Amino acid sequence: MSFIATILAAAIFLQEPKLEIINTQTLWSGKYDEVVFRDLNGKELKFKEIKNKIIFINYWATWCPYCVKEMPHIEKLWKKFEKENDIIFLCVSSEELKVIKSFAKNRKINMPVYQITENSLPLNVDALPTTYIIPPNSDTAYYSVGYADWDNKNVVAKLNSLIDQLKKLKTPP
């Protein structure tokens, strides 16, 4: 098999996300407490209201083929944790709300999808898709750039571990 054919074949298969660790002090590009997300109905969600949860935030766009390809895997992962109060999933696009709505409807996306409000991109995003997993009150977070199979067992185990750690911190001695 030629080198190019090997690369193309590898791109077709699901890829486990490579979760890199980043220091949260270098993570933010602005005043994240002021960041506002807007759901498909226009309801606002303020970052400061969710910062005590584990945040799974995926930056994507409707025109990005790898974003579109990984969306079903994020939705499967979200479905596994949908009833868990200590984690929130944010799939965020900076496109117009009507574009995001149309995409979600046509693709039958059931998980919450958000628009980031103007001039309030809180995280450093250089490429799409980019995903962050941010534990509350932590010096480190996890991130991955590019297409990934988000509903794989290792990601589920990582999120369950973070949830367990958070529950222990919440439980009085």
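Mentor: Let's start with the lining: β5 gives the most to the second largest pocket, with three residues. Before going on, note that this is a predicted model, where local features need pLDDT of at least 70, side-chain atom pairs count only at pLDDT 80 or more, and totals for chains, interfaces and linings use all residues. Residues are numbered from 1 along each chain as its sequence is written, and side-chain values use heavy atoms, with hydrogens and water left out.

A pocket here is an open set of points on a 1 Å grid over the protein atoms alone, where a 1.4 Å probe fits, with protein on both sides within 12 Å along at least five of seven lines; lining residues have an atom within 4 Å of a point. Helices (H or I, at least four residues) and strands (E, at least two) are DSSP runs, numbered from the N terminus. Both α4 (65-81) and β5 (87-93) supply at least two lining residues each. By class, that's six nonpolar, one polar and three charged residues; Ala, Val, Leu, Ile, Met, Phe, Trp, Tyr, Cys and Pro count as nonpolar, Asp, Glu, Lys and Arg as charged, and the others, Gly among them, as polar. The space inside comes to about 150 Å³, a volume being what probe spheres set on the points fill, with points joined across faces, edges and corners.

Now for the packing. Phe81 and Phe89 are among the residues with the most contacts inside the largest nonpolar core, which has 33 residues. Such a core is a set of buried Ala, Val, Leu, Ile, Met, Phe, Trp, Tyr and Cys residues joined through side-chain atoms within 4.5 Å, and buried means under 20% relative accessible area, with exposed over 50% and partly exposed in between (1.4 Å probe, protein chains only). The largest share of this core, seven residues, comes from α4. Trp150 is also on that most-contacts list. Leaving aside neighbours within four places in sequence, Trp150 is in contact (heavy atoms within 4.5 Å) with residues including Glu70, His73, Ile74 and Leu77.

Finally, look at Leu166 in helix α6. Leu166 counts as buried because its relative accessibility is 9%. Not counting residues up to four places away in sequence, Leu166 touches Asn52, Ile54, Asp86 and Pro136. Leu166 and Pro136 are 30 residues apart in sequence and 8.1 Å apart in space, C-alpha to C-alpha.
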